[in-house]
Amino acid sequence: MIQFENFTLENGLRVIVHEDPMTQIAVLNILYNVGSRDENENQTGFAHLFEHLMFGGSENIPSYDEALQMAGGENNAFTSPDFTNYYLTLPSFNIETGFWLESDRMLSLSFDPHVLEVQRKVVVEEFKQRYLNQPYGDLWLKLRPLCYRVHPYRWPTIGKEIEHIENATMDQVKSFFKKNYVPNNATIVVAGNVKTEEIRSLSEKWFGDIPAGNINGKMLPQEPEQKEPRFLQIESKVPAHSITKAYHMPARFDPGYYPADLLSDILGRGKSSRLHNQLVQVNQIFSSINAYLTGSLDPGLLVIEGKLNPGVEMESAEDEISKIINKLKSELIEDSELEKVVSQAESTMVFSEVEILNRAMNLAFFDLTGDAGNINLELKKIKKVSAADIRESANNILKDENCSTLHYLSKPN
(Lines give C-alpha, C1' and ligand atoms only; values in the text may rest on other atoms or scores of the structure.)
Protein backbone atom coordinates (compact mmCIF):
# COMPACT_ATOMS: atom_id res chain seq x y z
CA MET A 1 0.00 0.00 0.00
CA ILE A 2 1.48 3.32 -1.11
CA GLN A 3 0.41 6.16 1.18
CA PHE A 4 0.07 9.65 -0.29
CA GLU A 5 -1.76 12.94 -0.01
CA ASN A 6 -2.85 15.09 -2.89
CA PHE A 7 -4.23 18.53 -3.67
CA THR A 8 -4.92 20.71 -6.71
CA LEU A 9 -3.85 24.32 -7.23
CA GLU A 10 -6.31 26.91 -8.55
CA ASN A 11 -4.65 26.74 -11.98
CA GLY A 12 -5.43 23.01 -12.20
CA LEU A 13 -1.98 21.63 -11.38
CA ARG A 14 -2.37 18.33 -9.51
CA VAL A 15 0.19 17.65 -6.77
CA ILE A 16 0.76 14.31 -5.04
CA VAL A 17 3.03 13.90 -2.01
CA HIS A 18 4.42 10.56 -0.87
CA GLU A 19 6.34 10.89 2.39
CA ASP A 20 9.16 8.41 3.04
CA PRO A 21 11.40 9.45 5.95
CA MET A 22 13.55 6.34 5.45
CA THR A 23 15.40 7.96 2.56
CA GLN A 24 17.53 11.09 2.44
CA ILE A 25 16.63 12.01 -1.12
CA ALA A 26 13.60 13.54 -2.74
CA VAL A 27 12.10 12.91 -6.16
CA LEU A 28 10.21 15.48 -8.16
CA ASN A 29 8.37 13.83 -11.03
CA ILE A 30 6.27 15.86 -13.43
CA LEU A 31 4.05 14.13 -15.96
CA TYR A 32 2.55 16.11 -18.82
CA ASN A 33 -0.57 14.56 -20.30
CA VAL A 34 0.74 14.78 -23.85
CA GLY A 35 2.26 12.06 -25.99
CA SER A 36 2.61 11.19 -29.64
CA ARG A 37 -1.13 10.36 -29.79
CA ASP A 38 -1.82 14.10 -29.31
CA GLU A 39 0.11 15.19 -32.38
CA ASN A 40 -1.11 16.39 -35.74
CA GLU A 41 -0.56 13.59 -38.26
CA ASN A 42 1.36 16.04 -40.45
CA GLN A 43 3.55 17.25 -37.56
CA THR A 44 4.59 14.11 -35.70
CA GLY A 45 7.50 13.60 -33.32
CA PHE A 46 6.85 16.86 -31.44
CA ALA A 47 6.20 15.26 -28.04
CA HIS A 48 9.54 13.49 -28.24
CA LEU A 49 11.26 16.62 -29.55
CA PHE A 50 10.09 18.46 -26.42
CA GLU A 51 11.63 15.78 -24.23
CA HIS A 52 14.90 17.23 -25.55
CA LEU A 53 13.92 20.90 -25.81
CA MET A 54 12.88 21.06 -22.15
CA PHE A 55 16.54 20.73 -21.17
CA GLY A 56 17.63 23.58 -23.42
CA GLY A 57 17.26 26.28 -20.78
CA SER A 58 14.54 28.69 -19.68
CA GLU A 59 14.25 32.44 -19.12
CA ASN A 60 16.03 32.53 -15.74
CA ILE A 61 18.02 29.30 -15.99
CA PRO A 62 20.28 29.09 -19.05
CA SER A 63 21.56 25.61 -18.12
CA TYR A 64 19.06 23.26 -16.46
CA ASP A 65 21.60 20.47 -15.95
CA GLU A 66 24.26 22.72 -14.44
CA ALA A 67 21.86 24.24 -11.92
CA LEU A 68 20.60 20.81 -10.87
CA GLN A 69 24.08 19.31 -10.58
CA MET A 70 25.16 22.16 -8.32
CA ALA A 71 22.34 21.10 -5.98
CA GLY A 72 23.55 17.49 -6.04
CA GLY A 73 20.81 16.28 -8.34
CA GLU A 74 20.35 14.36 -11.56
CA ASN A 75 17.51 14.03 -14.04
CA ASN A 76 16.07 12.29 -17.07
CA ALA A 77 12.88 12.05 -19.11
CA PHE A 78 11.00 9.78 -21.48
CA THR A 79 8.16 10.04 -23.99
CA SER A 80 5.39 7.54 -24.61
CA PRO A 81 2.44 7.57 -27.00
CA ASP A 82 0.27 8.70 -24.06
CA PHE A 83 2.37 11.11 -21.97
CA THR A 84 5.76 12.71 -21.39
CA ASN A 85 7.50 12.25 -18.06
CA TYR A 86 10.30 14.33 -16.51
CA TYR A 87 11.98 13.47 -13.24
CA LEU A 88 14.80 14.60 -11.02
CA THR A 89 16.32 13.35 -7.78
CA LEU A 90 18.32 15.42 -5.31
CA PRO A 91 19.02 15.66 -1.57
CA SER A 92 15.72 16.32 0.17
CA PHE A 93 16.99 19.57 1.74
CA ASN A 94 17.45 20.94 -1.80
CA ILE A 95 13.95 20.09 -3.02
CA GLU A 96 13.12 23.75 -3.63
CA THR A 97 15.74 23.80 -6.38
CA GLY A 98 13.62 21.24 -8.21
CA PHE A 99 10.54 23.44 -7.91
CA TRP A 100 12.49 26.43 -9.20
CA LEU A 101 13.78 24.50 -12.21
CA GLU A 102 10.48 22.94 -13.22
CA SER A 103 8.36 26.05 -12.72
CA ASP A 104 10.69 28.24 -14.75
CA ARG A 105 10.62 26.02 -17.79
CA MET A 106 6.84 25.49 -17.55
CA LEU A 107 6.31 29.25 -17.45
CA SER A 108 9.05 30.48 -19.76
CA LEU A 109 10.92 27.84 -21.73
CA SER A 110 13.69 29.27 -23.87
CA PHE A 111 12.86 29.20 -27.56
CA ASP A 112 16.38 29.97 -28.67
CA PRO A 113 16.66 29.10 -32.40
CA HIS A 114 20.09 27.61 -31.75
CA VAL A 115 18.66 25.24 -29.13
CA LEU A 116 15.95 24.12 -31.57
CA GLU A 117 18.51 23.43 -34.27
CA VAL A 118 20.79 21.49 -31.92
CA GLN A 119 17.95 19.32 -30.55
CA ARG A 120 16.41 18.88 -33.99
CA LYS A 121 19.70 17.37 -35.18
CA VAL A 122 19.88 15.15 -32.09
CA VAL A 123 16.39 13.76 -32.72
CA VAL A 124 17.00 13.29 -36.44
CA GLU A 125 20.19 11.39 -35.68
CA GLU A 126 18.33 9.27 -33.13
CA PHE A 127 15.68 8.50 -35.76
CA LYS A 128 18.37 7.33 -38.17
CA GLN A 129 20.31 5.28 -35.63
CA ARG A 130 17.41 3.56 -33.86
CA TYR A 131 14.89 3.17 -36.67
CA LEU A 132 16.70 3.23 -40.00
CA ASN A 133 20.26 2.01 -39.50
CA GLN A 134 19.95 -1.04 -37.26
CA PRO A 135 18.52 -4.52 -37.88
CA TYR A 136 14.74 -4.65 -37.44
CA GLY A 137 14.81 -0.96 -36.45
CA ASP A 138 11.98 0.00 -38.80
CA LEU A 139 9.73 -2.88 -37.67
CA TRP A 140 7.41 -0.64 -35.64
CA LEU A 141 7.45 2.04 -38.33
CA LYS A 142 5.87 -0.63 -40.55
CA LEU A 143 3.76 -2.45 -37.94
CA ARG A 144 1.94 0.48 -36.36
CA PRO A 145 0.19 1.69 -39.53
CA LEU A 146 -0.67 -1.93 -40.30
CA CYS A 147 -2.43 -2.31 -36.94
CA TYR A 148 -3.93 1.17 -36.69
CA ARG A 149 -5.74 2.84 -39.57
CA VAL A 150 -7.39 5.74 -37.69
CA HIS A 151 -5.96 6.16 -34.18
CA PRO A 152 -2.74 8.21 -33.78
CA TYR A 153 -1.02 5.13 -32.34
CA ARG A 154 -0.29 4.48 -36.01
CA TRP A 155 3.00 6.33 -35.69
CA PRO A 156 5.79 5.85 -33.08
CA THR A 157 6.91 8.47 -30.58
CA ILE A 158 9.93 9.36 -32.71
CA GLY A 159 7.50 10.45 -35.44
CA LYS A 160 5.97 9.09 -38.61
CA GLU A 161 8.52 10.63 -40.94
CA ILE A 162 11.93 12.12 -40.30
CA GLU A 163 10.94 15.15 -42.39
CA HIS A 164 8.37 16.22 -39.80
CA ILE A 165 11.17 17.08 -37.38
CA GLU A 166 13.58 18.32 -40.05
CA ASN A 167 10.94 20.81 -41.22
CA ALA A 168 9.49 21.82 -37.84
CA THR A 169 9.18 25.61 -37.58
CA MET A 170 9.60 27.71 -34.46
CA ASP A 171 5.94 28.76 -34.63
CA GLN A 172 4.82 25.12 -34.70
CA VAL A 173 7.07 24.30 -31.75
CA LYS A 174 5.79 27.26 -29.70
CA SER A 175 2.18 26.36 -30.47
CA PHE A 176 2.66 22.77 -29.30
CA PHE A 177 4.25 23.98 -26.07
CA LYS A 178 1.56 26.55 -25.25
CA LYS A 179 -1.17 24.02 -25.87
CA ASN A 180 0.24 21.17 -23.77
CA TYR A 181 2.85 22.37 -21.25
CA VAL A 182 0.44 24.07 -18.89
CA PRO A 183 -0.39 23.47 -15.20
CA ASN A 184 -3.82 21.94 -15.79
CA ASN A 185 -2.28 19.36 -18.13
CA ALA A 186 0.31 18.18 -15.60
CA THR A 187 0.72 16.15 -12.42
CA ILE A 188 3.61 16.67 -10.02
CA VAL A 189 4.60 13.92 -7.60
CA VAL A 190 7.06 14.72 -4.83
CA ALA A 191 8.30 11.69 -2.95
CA GLY A 192 10.95 11.03 -0.32
CA ASN A 193 12.04 12.70 2.90
CA VAL A 194 9.55 15.57 2.60
CA LYS A 195 6.49 16.89 4.44
CA THR A 196 3.16 17.52 2.76
CA GLU A 197 2.69 21.03 4.14
CA GLU A 198 6.15 22.03 2.97
CA ILE A 199 5.36 20.74 -0.54
CA ARG A 200 1.99 22.51 -0.52
CA SER A 201 3.76 25.79 0.30
CA LEU A 202 6.43 25.28 -2.36
CA SER A 203 3.83 24.34 -4.96
CA GLU A 204 1.90 27.54 -4.37
CA LYS A 205 5.08 29.62 -4.32
CA TRP A 206 6.57 28.31 -7.55
CA PHE A 207 3.58 27.16 -9.62
CA GLY A 208 0.56 29.02 -8.22
CA ASP A 209 0.94 32.07 -10.46
CA ILE A 210 1.42 30.15 -13.73
CA PRO A 211 -1.74 30.65 -15.81
CA ALA A 212 -3.87 27.66 -16.70
CA GLY A 213 -4.09 26.72 -20.35
CA ASN A 214 -7.06 26.10 -22.63
CA ILE A 215 -7.34 22.34 -22.30
CA ASN A 216 -10.17 20.82 -24.25
CA GLY A 217 -11.02 17.17 -23.68
CA LYS A 218 -9.06 14.74 -25.81
CA MET A 219 -11.12 13.95 -28.92
CA LEU A 220 -8.98 11.21 -30.39
CA PRO A 221 -10.37 9.13 -33.23
CA GLN A 222 -11.26 5.65 -32.00
CA GLU A 223 -9.86 2.71 -33.91
CA PRO A 224 -12.68 0.64 -35.43
CA GLU A 225 -12.81 -3.09 -34.77
CA GLN A 226 -10.46 -5.02 -37.04
CA LYS A 227 -12.47 -7.59 -38.96
CA GLU A 228 -9.93 -9.13 -41.30
CA PRO A 229 -6.38 -10.46 -40.94
CA ARG A 230 -3.70 -8.06 -42.16
CA PHE A 231 -0.31 -9.06 -43.49
CA LEU A 232 2.91 -7.36 -44.51
CA GLN A 233 6.18 -8.89 -45.65
CA ILE A 234 9.42 -6.95 -45.83
CA GLU A 235 12.96 -8.02 -46.66
CA SER A 236 16.21 -6.55 -45.42
CA LYS A 237 19.74 -7.42 -44.32
CA VAL A 238 18.83 -8.76 -40.89
CA PRO A 239 20.37 -11.75 -39.07
CA ALA A 240 17.30 -14.01 -39.24
CA HIS A 241 13.70 -14.26 -40.39
CA SER A 242 11.25 -12.95 -37.80
CA ILE A 243 7.51 -13.07 -37.20
CA THR A 244 5.58 -10.37 -35.37
CA LYS A 245 1.88 -10.83 -34.65
CA ALA A 246 -0.10 -7.98 -33.08
CA TYR A 247 -3.64 -8.35 -31.72
CA HIS A 248 -5.92 -5.51 -30.62
CA MET A 249 -6.77 -5.71 -26.91
CA PRO A 250 -8.42 -3.62 -24.14
CA ALA A 251 -6.94 -0.37 -22.85
CA ARG A 252 -4.64 -0.21 -19.83
CA PHE A 253 -7.32 0.51 -17.24
CA ASP A 254 -10.12 -1.52 -18.80
CA PRO A 255 -11.23 -4.57 -16.77
CA GLY A 256 -10.27 -6.78 -19.72
CA TYR A 257 -6.67 -5.66 -19.46
CA TYR A 258 -5.84 -7.84 -16.46
CA PRO A 259 -6.67 -11.27 -17.94
CA ALA A 260 -4.93 -10.17 -21.15
CA ASP A 261 -1.85 -9.27 -19.11
CA LEU A 262 -1.69 -12.73 -17.57
CA LEU A 263 -2.46 -14.30 -20.96
CA SER A 264 0.60 -12.62 -22.46
CA ASP A 265 2.72 -13.88 -19.54
CA ILE A 266 1.50 -17.45 -20.08
CA LEU A 267 2.31 -17.15 -23.76
CA GLY A 268 5.69 -15.51 -23.67
CA ARG A 269 7.13 -14.29 -20.38
CA GLY A 270 10.42 -16.00 -19.62
CA LYS A 271 11.81 -19.44 -20.34
CA SER A 272 8.96 -21.30 -18.65
CA SER A 273 6.32 -19.68 -20.90
CA ARG A 274 4.49 -21.82 -23.44
CA LEU A 275 5.94 -20.22 -26.55
CA HIS A 276 9.54 -20.38 -25.32
CA ASN A 277 9.25 -23.85 -23.83
CA GLN A 278 7.64 -25.45 -26.88
CA LEU A 279 9.10 -23.48 -29.77
CA VAL A 280 12.61 -22.69 -28.53
CA GLN A 281 13.56 -25.47 -26.14
CA VAL A 282 11.57 -28.47 -27.41
CA ASN A 283 10.86 -28.01 -31.12
CA GLN A 284 13.69 -25.53 -31.83
CA ILE A 285 11.58 -23.57 -34.30
CA PHE A 286 12.65 -20.19 -32.95
CA SER A 287 15.92 -18.96 -31.49
CA SER A 288 13.87 -16.57 -29.33
CA ILE A 289 10.20 -15.74 -28.91
CA ASN A 290 8.20 -13.71 -26.42
CA ALA A 291 4.86 -12.00 -25.89
CA TYR A 292 4.09 -8.64 -24.32
CA LEU A 293 1.53 -5.84 -24.15
CA THR A 294 1.89 -2.22 -25.22
CA GLY A 295 -0.12 -1.20 -22.13
CA SER A 296 -1.45 1.97 -23.72
CA LEU A 297 -4.18 4.21 -22.30
CA ASP A 298 -6.37 3.64 -25.35
CA PRO A 299 -6.92 0.09 -26.65
CA GLY A 300 -3.48 -1.37 -27.30
CA LEU A 301 -1.80 -4.48 -28.64
CA LEU A 302 -0.83 -7.94 -27.47
CA VAL A 303 2.30 -8.75 -29.43
CA ILE A 304 4.01 -12.07 -30.18
CA GLU A 305 7.50 -11.61 -31.57
CA GLY A 306 10.02 -14.29 -32.50
CA LYS A 307 13.16 -14.93 -34.57
CA LEU A 308 13.32 -18.17 -36.52
CA ASN A 309 16.12 -20.69 -36.52
CA PRO A 310 17.92 -21.17 -39.87
CA GLY A 311 16.11 -23.42 -42.31
CA VAL A 312 12.68 -23.11 -40.67
CA GLU A 313 9.86 -22.17 -43.04
CA MET A 314 7.58 -19.27 -42.13
CA GLU A 315 4.47 -21.39 -42.68
CA SER A 316 5.73 -24.06 -40.28
CA ALA A 317 6.54 -21.45 -37.62
CA GLU A 318 3.09 -19.87 -37.98
CA ASP A 319 1.45 -23.29 -37.58
CA GLU A 320 3.35 -23.95 -34.35
CA ILE A 321 2.28 -20.60 -32.89
CA SER A 322 -1.33 -21.35 -33.85
CA LYS A 323 -1.26 -24.71 -32.05
CA ILE A 324 -0.28 -23.02 -28.78
CA ILE A 325 -2.87 -20.28 -29.22
CA ASN A 326 -5.65 -22.76 -30.04
CA LYS A 327 -4.90 -24.79 -26.93
CA LEU A 328 -5.27 -21.67 -24.77
CA LYS A 329 -8.57 -20.92 -26.49
CA SER A 330 -9.98 -24.39 -25.95
CA GLU A 331 -8.61 -25.54 -22.58
CA LEU A 332 -8.50 -24.02 -19.12
CA ILE A 333 -5.02 -23.53 -17.76
CA GLU A 334 -4.14 -25.46 -14.63
CA ASP A 335 -4.22 -23.77 -11.24
CA SER A 336 -0.45 -24.15 -10.87
CA GLU A 337 0.22 -22.19 -14.07
CA LEU A 338 -2.22 -19.47 -13.04
CA GLU A 339 -0.57 -19.21 -9.63
CA LYS A 340 2.84 -18.94 -11.28
CA VAL A 341 1.96 -16.00 -13.52
CA VAL A 342 0.06 -14.23 -10.74
CA SER A 343 3.11 -14.60 -8.50
CA GLN A 344 5.33 -13.23 -11.28
CA ALA A 345 3.04 -10.23 -11.67
CA GLU A 346 3.00 -9.65 -7.92
CA SER A 347 6.79 -9.85 -7.73
CA THR A 348 7.11 -7.34 -10.55
CA MET A 349 4.77 -4.91 -8.76
CA VAL A 350 6.55 -5.27 -5.42
CA PHE A 351 9.95 -4.81 -7.03
CA SER A 352 8.74 -1.72 -8.91
CA GLU A 353 7.82 -0.10 -5.60
CA VAL A 354 11.19 -0.59 -3.93
CA GLU A 355 12.77 2.48 -5.51
CA ILE A 356 11.34 5.82 -4.45
CA LEU A 357 11.64 7.09 -8.03
CA ASN A 358 9.48 4.25 -9.35
CA ARG A 359 6.83 4.94 -6.74
CA ALA A 360 6.72 8.58 -7.82
CA MET A 361 6.44 7.71 -11.51
CA ASN A 362 3.76 5.09 -10.85
CA LEU A 363 1.68 7.55 -8.81
CA ALA A 364 1.86 10.08 -11.64
CA PHE A 365 0.83 7.44 -14.17
CA PHE A 366 -2.13 6.24 -12.12
CA ASP A 367 -3.26 9.83 -11.67
CA LEU A 368 -4.17 9.67 -15.37
CA THR A 369 -7.07 7.41 -14.33
CA GLY A 370 -8.53 10.30 -12.35
CA ASP A 371 -7.59 8.73 -9.02
CA ALA A 372 -3.99 7.98 -8.10
CA GLY A 373 -5.35 5.68 -5.39
CA ASN A 374 -6.02 3.10 -8.11
CA ILE A 375 -2.34 2.22 -7.78
CA ASN A 376 -3.25 0.28 -4.64
CA LEU A 377 -5.96 -1.76 -6.40
CA GLU A 378 -3.80 -3.33 -9.11
CA LEU A 379 -2.78 -6.46 -7.26
CA LYS A 380 -6.35 -7.13 -6.15
CA LYS A 381 -7.52 -6.93 -9.78
CA ILE A 382 -4.79 -9.31 -10.93
CA LYS A 383 -5.56 -11.83 -8.19
CA LYS A 384 -9.25 -11.87 -9.17
CA VAL A 385 -8.43 -13.21 -12.66
CA SER A 386 -9.55 -16.81 -13.11
CA ALA A 387 -8.57 -19.54 -15.57
CA ALA A 388 -11.93 -19.03 -17.26
CA ASP A 389 -11.19 -15.28 -17.62
CA ILE A 390 -7.92 -16.09 -19.37
CA ARG A 391 -9.58 -18.53 -21.78
CA GLU A 392 -12.25 -15.94 -22.56
CA SER A 393 -9.54 -13.32 -23.12
CA ALA A 394 -7.71 -15.67 -25.49
CA ASN A 395 -10.88 -16.21 -27.51
CA ASN A 396 -11.67 -12.49 -27.63
CA ILE A 397 -8.18 -11.33 -28.56
CA LEU A 398 -6.26 -14.10 -30.31
CA LYS A 399 -8.47 -14.23 -33.39
CA ASP A 400 -7.10 -14.35 -36.94
CA GLU A 401 -9.33 -11.47 -38.00
CA ASN A 402 -7.97 -9.39 -35.09
CA CYS A 403 -4.34 -10.00 -36.03
CA SER A 404 -1.80 -8.00 -38.02
CA THR A 405 1.19 -10.11 -39.02
CA LEU A 406 4.56 -8.86 -40.19
CA HIS A 407 7.10 -11.24 -41.71
CA TYR A 408 10.61 -9.77 -41.70
CA LEU A 409 12.72 -11.79 -44.11
CA SER A 410 16.49 -11.97 -43.98
CA LYS A 411 17.82 -10.91 -47.38
CA PRO A 412 20.58 -13.18 -48.71
CA ASN A 413 23.98 -11.50 -48.93
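1. In what order do the strands of the open sheet of six strands stand? In this predicted model, the order is β1-β2-β6-β3-β5-β4, and the pairing is mixed. The edge strands are β1 and β4, the latter spanning residues 74–79, and each of them pairs on one side only. From one strand to the next, the twist averages 15°.

2. The β1 end of this sheet begins with a hairpin. Strand β1 (residues 5–8) and strand β2 (residues 14–19) are paired in the antiparallel sense, over four bridges. Within this pairing, asparagine 6 has isoleucine 16 of β2 as its bridge partner. Five residues lie between the strands of the hairpin, and glycine 12 takes a positive phi there, near 95°.

3. On its way into the sheet, β2 also pairs with strand β6 (residues 186–192), here in the parallel sense and over six bridges. Histidine 18 stands opposite alanine 191 in β6. Helix α8 (residues 196–207) lies across β1, β2 and β6, and runs at about 150° to β2.

4. Five strands form it, in the order β7-β11-β8-β10-β9, with mixed pairing. Strands β7 and β9 stand at the edges with a single partner strand each, so one side of each is left without a neighbour in the sheet. Neighbouring strands of this sheet are turned against each other by 10° on average, with direction ignored.

5. Regarding the pairing of β7 with β11, the sense is parallel and there are seven bridges. Helix α5 lies across β7, β8, β9, β10 and β11, and runs at about 155° to β11. Helix α9 (residues 257–268) also packs on the sheet, where it touches β8, β9 and β10; the direction of α9 makes about 170° with that of β9.

6. Two helix pairs may be examined in turn. Helix α1 (residues 46–53) packs with helix α4 (residues 113–132) at an angle of about 125°, and their axes are 9 Å apart. The two helices are therefore oblique to each other, and their crossing is right-handed. On the α1 side, the contact is made by His48, Leu49, His52 and Leu53; on the α4 side, by Val115, Leu116, Gln119, Arg120, Val122, Val123 and Glu126. By class, this contact has six nonpolar, three polar and two charged residues.

7. The other pair consists of helix α10 (residues 274–282) and helix α11 (residues 314–330), which pack at an angle of about 145° with axes 11 Å apart. The crossing of α10 and α11 is right-handed. Arg274, Leu275, Gln278 and Leu279 of α10 meet Glu320, Ile321, Ile324, Lys327 and Leu328 of α11. The residues of this contact divide into five nonpolar, one polar and three charged.

8. Two residues with positive phi should be noted for any check of the backbone. Tyrosine 136 is a residue other than glycine, and its phi is near 65°. Tyrosine 136 lies in the loop between α4 and α5. Is this residue buried or exposed? Tyrosine 136 counts as buried because its relative accessibility is 14%, and the cut-off for burial is under 20%.

9. Glutamine 284 likewise is not a glycine, yet has a positive phi of about 50°. The place of glutamine 284 is in the loop between α10 and β9. With a relative accessible area of 52%, glutamine 284 is exposed.

Terms used. Residues are numbered from 1 along each chain as its sequence is written. This is a predicted model: local features need pLDDT of at least 70, side-chain atom pairs count only at pLDDT 80 or more; totals for chains, interfaces and linings use all residues. Side-chain values use heavy atoms; hydrogens and water are left out. Axes are lines fitted to C-alpha atoms, for helices over the stretch in contact, and angles run from 0 to 180 degrees between N-to-C directions. Angles under 35 degrees count as roughly parallel, over 145 as roughly antiparallel, 65 to 115 as roughly perpendicular and the rest as oblique. A crossing is left-handed if the near helix is turned anticlockwise from the far one by less than a right angle, and right-handed if clockwise. Contact means heavy atoms within 4.5 Å. Ala, Val, Leu, Ile, Met, Phe, Trp, Tyr, Cys and Pro count as nonpolar, Asp, Glu, Lys and Arg as charged, and the others, Gly among them, as polar. Two strands pair if DSSP finds at least two bridges between them. Buried means under 20% relative accessible area, exposed over 50%, partly exposed in between (1.4 Å probe, protein chains only).
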